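Let's take a friendly walk through a protein fold. Have a look at the model below, and then we will go through its parts together.

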Amino acid sequence: MAYDYENFKQDVYKLININLTLYKEKQMKRRIESLMARNGFHDFQSYYQAIKKDEKLLRGFVSYLTINVSEFYRNPNQWELFENKMIPYLISHYGKKLNIWSAACSTGDEPYTIAMILSKYVPLNQIHILAPDIDEDVLAYAKEGYYSSRSLERLPKEFLNKHFTPKEKGYQINDDIKKCVEFKKHNLLEDKYPLRMHMIVCRNVVIYFTDDAKEHVYKNFHQTLEKDGILFIGNTEQIIHANQIGFSSVDSFFYQKM
């Protein structure tokens with residue numbers, strides 16, 4: 001039997017513990033075939049053998065399939081809701097020492113955005129944001145905290161001026177904000193979830209997952225959150241049958257644990 005995409009998925013899972021069957025197949029297969037062609041490979045077997053032997057090629061594969069698209073203050077209207085409605089809600093329920101998880105944080109734009117907004121209401125030494133991702137390369141980038149001007153275009157000037165230092169061709173985020181964020185490797189579809197979170201921010205991530213995988217993630221998020229905790233999702237997402245999982249919609253893209 002010829003080596004095909006099914007064989008490739010099985011081997012990738014054994015190699016790096018990423019289960020491609022939990023991603024929408026047509027979309028993911030098309031992305032991988034595009035990457036293969038770009039690297040000069042025309043079949044899944046030869047590509048698998050190459051990424052198995054070549055660490056640089058493997059890291060490029062992981063980075064590509066995890067779809068790292070991020071920017072500061074993405075969808076500003078959602079961040080305004082977060083600041084004006086959700087922060088007062090969270091502080092009134094749990095006090096100022098909040099446990100916030102920025103799931104699948106990519107290059108760090110999102111958790112740093114959360115920290116900057118939160119710093120207007122909470123002392124910096126009380127802010128701790130857990131920011132994991134499956135891709136070690138983007139985690140290293142996030143920890144470095146150097147960003148191009150383009151990725152900061154939407155960020156309000158007050159944050160840019162207060163929390164960044166201009167550098168050649170970009171900006172470096174200041175250490176006082178860096179210290180608020182803990183970056184670590186984590187696979188949403190495989191690894192154990194943290195506990196006792198007051199808010200989970202997971203935006204524009206599960207849109208790439210199958211329906212079963214989405215339900216798995218949302219159920220785990222529900223268990224992770226404290227009672228009345230908030231889940232903040234992306235502008236292209238919606239939790240179907242949220243009530244059955246244990247969530248109620250409190251505003252656009254914000255769900256409360258019932």
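## A pair of facing residues

I230 stands opposite Q256 in β10. Strand β8 (residues 225-233) and strand β10 (residues 254-257) run antiparallel and are joined by 3 bridges. Strands (E, at least two residues) and helices (H or I, at least four residues) are DSSP runs, numbered from the N terminus, and two strands pair if DSSP finds at least two bridges between them.

This is a predicted model, where local features need pLDDT of at least 70 and side-chain atom pairs count only at pLDDT 80 or more, while totals for chains, interfaces and linings use all residues. Residues are numbered from 1 along each chain as its sequence is written, and side-chain values use heavy atoms, leaving out hydrogens and water.

## The sheet

## A helix and a core

Contact means heavy atoms within 4.5 Å. F221 touches W101, L188 and I200, among others, not counting residues up to four places away in sequence.

F221 is also among the residues with the most contacts inside the largest nonpolar core, which has 47 residues. Such a core is a set of buried (under 20% relative accessible area, 1.4 Å probe, protein chains only) Ala, Val, Leu, Ile, Met, Phe, Trp, Tyr and Cys residues joined through side-chain atoms within 4.5 Å. Helix α4 gives the most to this core, with 6 residues.

Terms used
Buried means under 20% relative accessible area, exposed over 50%, partly exposed in between (1.4 Å probe, protein chains only).
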